[in-house]
Amino acid sequence: ATTPLVLLVHPSVPADDFPRFVEWARKQGNGVDVAGAGPITEVTTALLGREAGAKLVFVSYRGAGPALQALLAGEVKAYVNTPNAGTAEFIRTGKVKAIAVTSATPSPLVPGVEPVSKYLPGLVQNVDFAFWAPPGTPPQAMAKLQDALQKALAEPGLREKLHAQGLVLAPASAGEVALATQ
């Protein structure tokens, strides 16, 4: 499975897309506080700030829930995290605005939101999930594992459940996963 990160902003931010957000952020003398939880969101915030030429100040929270609450309360003006059903509802109701996604193309998880790479070519950052087995796992065991995984992925409703959690299924072979991690 794969998911992009999404840049969300408080409704008070006078921007509805990434170029306007960058223009606004560059004018903020002390920078823009950006909530996040964990190293992936911290790295993404740093990359966005550096590439856009804007001072984005990462504010670390102990989990996505507190970070999102900080955005909703206006304690911070922006938030970087993976999209999910909860954030989708806040976007739908106007409690937050989705400014951009970090995937190479628009994401079905955040319809209508453009990728950052449209404005900052090459800036693509997805969070990918894969199943791993220890080196030397016998081929027969790998085949059984792959067969069981394929059956699980074919279960009715699984795609929708993963989608609600902010994931898009992207099945790949062991060789493709290995190649992507090099």
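Predicted model: local features only at pLDDT ≥ 70, side-chain atom pairs only at ≥ 80, totals over all residues.
1. Basis of the values. Residues are numbered from 1 along each chain as its sequence is written, and side-chain values use heavy atoms, without hydrogens and water. Local features need pLDDT of at least 70 and side-chain atom pairs pLDDT 80 or more, whereas totals for chains, interfaces and linings use all residues.

2. Secondary structure. The chain contains 7 helices and 7 strands, in the sequence order β-β-α-β-α-β-α-β-α-β-β-α-α-α. Both are DSSP runs numbered from the N terminus: helices are H or I with at least four residues, strands E with at least two.

3. Burial. Of 182 residues, 36% are buried, meaning under 20% relative accessible area with a 1.4 Å probe, protein chains only.

4. Contacts. Among contacts (heavy atoms within 4.5 Å) between residues at least 6 apart in sequence, 69% join residues at least 24 apart.

5. Aromatic pairs. The whole structure holds 2 aromatic pairs. One of them, F21 and W24, is tilted, at 6.0 Å centre to centre and 40° between the planes. Rings of Phe, Tyr and Trp (its six-membered ring) pair with centres within 6.5 Å; planes under 30 degrees apart are stacked, over 60 edge-to-face, and the rest tilted. F21 and W24 lie 3 residues apart in helix α1 (residues 18–26), about one turn of the helix, and both are buried.

Note on methods. Buried < 20%, exposed > 50% of the residue type's maximum accessible area, 1.4 Å probe, protein only.
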